[in-house]
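Dear colleague,

My notes on it follow.

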Amino acid sequence: MGMGDRDGAGVVADRAGPPEGRLPGGPTCRVDFSRPLDFTFLGRPVTGFAGDTVASALYAAGVRIFGRSLKYHRPRGLYSMDGESSNTLMRIDGVPNECAETTELRAGMSVRAQNVRGDPRRDVFGFLDAFDRMMPAGFYYRVFHRPRRAWPIFQNGLRRMAGTGVLDPVGFGDGGRAESGVRAERYLNADVAVIGGGAGGMAAALAAAESGLRVCLFERRGWLGGHLDWRTRDFDGVALHRRGEALAARLLEARSRSPEIVKVFTSSPVTGVWGENLVTGFTVGTGDDPFRECHWECRAETVVVAAGCMDRPLVFNQNDRPGVMQVGAAWRLARTYAVRPGGVAVFSVGDDLGLEAAADLAELGVEIRAVADAREVGRQDAELVAALEERGIPVLSGWAASRAMGRGQVKACELRPLNGTGSRRFRCDLLVANAGMQPRIGVLASVGARLAYCSHTHGYRPIELPPGVFLAGSMTGLRDPRSIEASGRLAGHGAVTCCLDGAQERAGKAAATGGREAEATDRHGAASVATARRDADALPGPVAGCGIRHGPGIGRGAKAFVDLDEDGTYKNVVESARQGFDVPELAKRFGGFGLGPGQYRVAGQNLAMIMAEMRGDPVEAATPTTMRPPLAPPSLATVAGPNHDVHKRTPLHGELAGLGAIFRRAGAWERARHFSEDRACRDEIRNVRRNVGILDSSPLGKFRIFGPDALEALQRVYISDMRGARRGRCKYSAMCNDMGQLVDDGLVVREGENDYYLTTSSGRAGPTVEWFRYHTRYDGWDYNLVNLTDVLGSLNIAGPNARKVLDRVTDSDVSNGGFPYLGCRRITIGDGVEARCLRLGFVGELSFELHVPSSYCRYVWDLLIEAGADFGIRPFGLEAQYCLRAEKGHVIIGAESEARVTLTDIGMGWLWDREDTASQKVGAPALRACEKQPGRMKLVGFRVDGSGRGRNGRDGGGPGSGSPRDGAVVVDGGEIVGYVCTTRRSEALGWRYGMALVREGVVGLGGRLLIRQEESPGRPEICTATVVPPPFYDPEGGKPRS
Amino acid sequence: MTFRLTCPVCGKRDVYEFTFGGQERGPRPTQEGLGAEEHFRWVQFRLIPGEPREEWWYHGQGCGVWFRTTRDPVANREVEGGDGDG
């Protein structure tokens, strides 16, 4: 089963009886008791079942304390079953911060608790809970920085004691296999992206699918259905979960009819919605998925947000005790995972769903002592109240939980009325508490909707949606399943109409015809929207929510947590507000609220409501805080991606590898850098100087430019007078940017009327077309520039024997007279391979460069190797070429030129046609302006004093050797005046040479350079060198011309 | 950086396919008699008003055309109706 092919509606039937500690699996149960799975917790064996999450299996096995909290090391337990707190972040198979509540159980998993040594039931840092006075809001900023020298001690100590998981960078803990699973990427396009697979989302997707538009639906849980999934209450004579299954079945049927149009992704949380409706998220691999996690991006014309609701935590004293959990957690434990959430329970709720959950758990045999409902009398669903009272369960309207009792775990609780006095205590091991439901607004915030507090639903609602974004489902405050589905249909039709309007607009632009047709679709779209709106309006609207901000009697000698992740208490909020940080955005920075894994998703609304109260503002002033992506956390490995190393290989890669080449990345290419372990490449260099070497220079940029205005374009981008490019002859020139910096150099050969062949450096092969077109973009010139880099390979033979080798493989005239230095000829090689042959001298020897079609490269290579056998031919690599050209003083861009120097600064000003202003040469005005500027950096050659052999007898310079290395600084009277670009020891010369960029005027020819490097930290070493003019090798240049 | 641009040849495409070529600032000034100050102003100085402006973009991972379009730097979106203009 691939992604999106899962049977979202399939509910696992109760195939075997419930094992000990489990409830009988009802129709909504997703655990298969016939498939036990063994795993370990803290090294001890535990058994769960297929369909369990790690948390449900642990809870069923009696685990109540899952970890310790960030600051106070308080015991923490199962809380949301949806991964909405860091309580149940655990270390699974060596990977920290895995969410136990949502991670599917697999056989053989090793599960450990976090922020604790060993067993979370006994924690050595547990005493910290008593020291909360030392840790007021903002303590990190205020307390530990005095005295100053104590800070590092505090910092390290705090880091060790606080925090969540620990990443093991070496070997990735126990095995590292978990993080190494396959990561995939997928790129989707949709007309309608639906976020949320509950009733609203499914209805929207179906409405859009019926119109034949491309729909992608993303559901974070492993199945469709949303809230309906675990609800067994009858509605219109059908159990609610059946209603959800029917919708899911219709959607999946639509998908199987047209899988290319309708795509459904489960286990796929959305991480964010970005500009122009780019929806991003990830899919957790399950079943036969070929990946562990898959990142996806979906470019959507429209987005339907149907992300649903979540419990709003009730803030009351000791509300973090294990055994206190949200309504959804207790309910789903029982209904989805067949785990008994507790033996004796008390409920404190603010929504009819809470009452329904209480009645349902009672039905399943959980003893319920009392249900407090924070809403006033008469606002409850009478049918549910009656059902509870029938069972003898008291329903206390206008009451809420004020305190949980018990140390490691809840043992009792106290309920109080919100207005008035009195309290009641109940013994219980489970306290199911919420303050009602809050919409999951993360996605809305992410799309850029403006949100405001709604005093009817007591949740945030958008006051303005960006274009192309639609809202559906229970997020809007709807609770009636029919209303939710109708809102989905309305949103779906709205999205369809929006897509059609967009298409129509585009079509209208392309051809201003077909108006009648477009009008028809418009009328149709508008009609569907109108019908859907009528349907929705006829059904019950948003229900009144519960505005409770916190439990009664809060903060009296006990901690009440607003943010469980960051151990942010009610008292911290008070402190924060008292010090002026009285809006959530400030409190967030000061007290750390919402900075944890929850990122405000859970605590945000409570914090804003409490802050408004402290300022004395009405609750409507509760401003939502910024919720930043990722709205759900993908694993770091997924963020890193599959990490493909995308690179190019030359046509001769195999040949070079066969000869022992050591490859290194050079720009886009993988290139042969050395042919032996000798990094100084002495043998390769010596062979070029004495015999003949062969280099694979295929990455060299190769272009053809032709057309009536080709010469104009060349004149614009090259700094020389390109009218000098002639047939059969290489014209060397350079390109500058507008700052006069050298960006490229190469050869231009005229090949015909308005037809030129040109080469660029390897790194510029990519951007050259862009460069030419950019600098001629206003001119409207008629020319074509074709990149031949990958079409043609390039082989360079260089050395005194080069001609003898070439002569053996061609009948063409390669004599010095017939084919002089800087000539360019078309020659025929072997059995008739046509090659451009350029006679060059980059490495300072007699040298021929053959440009042949890539497919013939291996043939020509073999011919040359065979022909050169008698003349000592050997391959050489990039490093040897780098040294050979440096001995000649030839510049490589990026090595001897940089952003601070112009063409003239590096001694190449002779290329510049300074008379020409008409061609508007790129860089010419800057060269003119900088030419006479004093104090510029200039390129100088130098000879290191002494033999240049290191004290350790090695040729490589560097600290401790007495010889400088690349990058060492040039100093003058304690001031840095330049640096060494390249320095090597030359065997041919017998001394160490180099090139440096040095401030002009500091030192002249024959002068002394002081080069400073550090032998070891704090131990400087000064080398001296004499300034000599390049080229160092063969200064007369006779060799390439011979 | 997830917006789209309208290439005059290829239509609306993801911004990842394009290279930014800077604000529209007119053709290069005539070099005859051009002062250094004037030249550097043209090369380096830009006004960055927080309002839609004309820009150059290159469709490098597509057809390879330079074109002008209007982008609102505050919303970071191409302004609607910004038909590419090669």
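Two strands are taken to pair if DSSP finds at least two bridges between them. Helices (H or I, at least four residues) and strands (E, at least two) are DSSP runs, numbered from the N terminus.

This is a predicted model, in which local features need pLDDT of at least 70 and side-chain atom pairs count only at pLDDT 80 or more, while totals for chains, interfaces and linings use all residues. Residues are numbered from 1 along each chain as its sequence is written, and chains are lettered from A and ligands numbered from 1 in the order in which they are written.

Chain A as a whole. The secondary structure of chain A amounts to 24 helices and 50 strands. Along the principal axes, its C-alpha atoms fill a box of roughly 115 × 80 × 55 Å. Of the 1042 residues in chain A, 52% are buried (20 or more other C-beta atoms within 10 Å of the residue's own, with C-beta atoms placed from the backbone). Contacts are counted where two C-beta atoms, placed from the backbone, lie within 7 Å. Among those in chain A between residues at least 6 apart in sequence, 67% join residues at least 24 apart.

A five-stranded sheet. In chain A, five strands form an open antiparallel sheet in the order β36-β37-β38-β35-β39. Strands β36 (731-736) and β39 (784-787) of chain A are at its edges, each with a single partner strand, so one side of each has no neighbour in the sheet. From one strand to the next, the twist averages 30° (axes are lines fitted to C-alpha atoms, for helices over the stretch in contact, and angles run from 0 to 180 degrees between N-to-C directions).

β36(A) pairs with β37 (residues 742-752) of chain A over six bridges in the antiparallel sense, with Ser733(A) opposite Gly746(A). β35(A) is joined to β38(A) by six bridges, and Lys702(A) has Thr759(A) as its bridge partner there. Four bridges join β35(A) to β39(A), also antiparallel, and Phe706(A) stands opposite Asn784(A).

Helix α18 (residues 710-717) of chain A lies across β35 (701-706), β36, β37 and β38 (755-760), at about 135° to β35(A). Helix α19 (residues 768-775) of chain A packs on the sheet as well, touching β35, β38 and β39, with its direction at about 165° to that of β39(A).

The interface. In chain B, 19 residues are in contact with 18 residues of chain A. On the chain B side, β3 (19-23) and α1 (36-44) each supply at least two residues, and α1(B) gives the largest share, three residues.

Conventions: Buried ≥ 20, exposed ≤ 12 C-beta atoms within 10 Å, placed from the backbone.
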